[in-house]
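Please examine the sequence and the structure before reading on.

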Amino acid sequence: MTISLYTTGDVKQYTAQEIEAVKELKEYSIPSDYLLFLKTYGLGEMNNLLMFNIPDKDYVKNTFSEYMDIWQWEEGDEQKALNSISIGSTIDGDVICLIDTEVPYMILPRHSDRPIKFNSLAEVIVHYDKMYGLKGDYYFDSYDDWERLSFDDFIQFKERRMEVVKQMHQAFFKEYTFDKAYHTEKQPLYLIKDVGGWIRFDLVYGYSFNSSIKRGMLRKQ
């Protein structure tokens with residue numbers, strides 16, 4: 001299976017030098033499909049659910065070494081997890097790792113005591129596709145030079161939150177263009193390819209307006 005992601009703006013691909021540095025993190029081989037992913041997309045978030053972070057050869061050991069009994073392990077897997085390279089996480093707290101085995105991808109789930117192993121990165125993505133109901137519609141928000149904006153602090157009064165967010169949503173919808181939209185009924189997220197970012201409005205709880213748009217770069221219709 002080939003991984004194809006709709007990207008918001010320019011991605012920051014890993015350079016040849018950065019790829020070599022990843023290969024040197026451990027004594028075992030790094031899966032070629034993961035290296036290809038870094039060469040193609042770099043680091044970032046998929047559907048704001050799956051985060052591909054800087055590969056870390058010590059994260060699992062430093063974070064979980066005293067708590068490995070929270071999972072039930074197959075023979076040899078606990079030590080492999082401690083010697084893993086963490087490559088990502090999910091919004092629900094899962095940790096995604098590379099381990100030294102023929103089945104190199106391991107998920108340490110937040111809400112289960114059974115680690116899961118996969119043969120490829122594509123299988124990992126399909127796993128979360130099914131979990132979150134993405135239906136194969138993927139987008140990727142690159143970790144580059146955009147800044148995240150949050151106006152939760154601005155909306156201070158509970159009785160006004162929903163009204164303010166609805167007004168902001170209506171104003172955006174009337175005055176700006178976007179390329180793709182997701183979850184439009186409850187928590188709409190709009191992708192704007194020209195500026196390499198997205199805007200989300202919470203129409204369920206009215207808690208927030210969030211954005212990865214660079215300041216001053218929105219374009220009106």
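In this report, two residues are in contact when they have heavy atoms within 4.5 Å. The model discussed here is predicted.

## Surroundings of Ser-65

Ser-65 is found in the loop between H3 and H4. Setting aside its neighbours within four places in sequence, Ser-65 is in contact with Val-60 and Leu-82. The side chain of Ser-65 also reaches the backbone oxygen of Lys-61, at 3.0 Å.

Is Ser-65 buried, partly exposed or exposed? With a relative accessible area of 42%, Ser-65 is partly exposed, because that class lies between the limits of 20% and 50%. Ser-65 and Gln-79 are 14 residues apart along the chain, and their C-alpha atoms are separated by 9.7 Å.

## The sheet

The model contains an open sheet of 8 strands with mixed pairing, in the order S1-S8-S2-S3-S4-S5-S6-S7. Strand S1 (6-7) and strand S7 (116-118) stand at the edges; each has a single partner strand, so one side of each is left without a neighbour in the sheet. In general, the strands of a sheet pair through backbone hydrogen bonds, either parallel or antiparallel.

In which sense do S6 and S7 pair? Strand S6, residues 105-108, pairs with S7 in the antiparallel sense over 3 bridges. Within this part of the sheet, Met-106 has Lys-117 in S7 as its bridge partner.

## Helices across the sheet

Helix H2, residues 32-40, lies across strand S3 (50-56), strand S4 (85-90), strand S5 (95-98), S6 and strand S8 (139-142). The angle between H2 and S3 is about 105°.

Helix H5 (residues 121-132) lies across strand S2 (44-46), S3, S4, S5, S6 and S7. It runs at about 35° to S6.

## Salt bridges

How many salt bridges does the model have? The count comes to 6 salt bridges. Glu-74 counts as exposed at 55% relative accessibility, Lys-117 is partly exposed with a relative accessible area of 30%, and Asp-77 counts as buried at 6% relative accessibility.

Another salt bridge joins Glu-20 to Lys-23, with the closest N and O atoms 3.4 Å apart. Both residues lie in helix H1 (residues 16-23), 3 residues apart, which is about one turn of the helix. Glu-20 counts as partly exposed at 39% relative accessibility, and Lys-23 likewise counts as partly exposed at 39%. Lys-57, Asp-58 and Lys-61 are linked in a network of salt bridges.

## A buried histidine

His-169 is located in helix H6 (residues 158-175). Its relative accessible area is 13%, and His-169 is therefore buried, since the limit for that class is under 20%. Apart from neighbours within four places in sequence, His-169 is in contact with Pro-188, Tyr-190, Phe-201 and Leu-203.

Definitions and conventions:
Residues are numbered from 1 along each chain as its sequence is written. This is a predicted model: local features need pLDDT of at least 70, side-chain atom pairs count only at pLDDT 80 or more; totals for chains, interfaces and linings use all residues. Side-chain values use heavy atoms; hydrogens and water are left out. Two strands pair if DSSP finds at least two bridges between them. Helices (H or I, at least four residues) and strands (E, at least two) are DSSP runs, numbered from the N terminus. Axes are lines fitted to C-alpha atoms, for helices over the stretch in contact, and angles run from 0 to 180 degrees between N-to-C directions. A salt bridge is a side-chain nitrogen of Lys or Arg within 4 Å of a carboxyl oxygen of Asp or Glu. Buried means under 20% relative accessible area, exposed over 50%, partly exposed in between (1.4 Å probe, protein chains only). A polar contact is a pair of N or O atoms within 3.5 Å; within protein, one must be able to donate a hydrogen and the other to accept it, and residues adjacent in sequence count only if both atoms are side-chain atoms.
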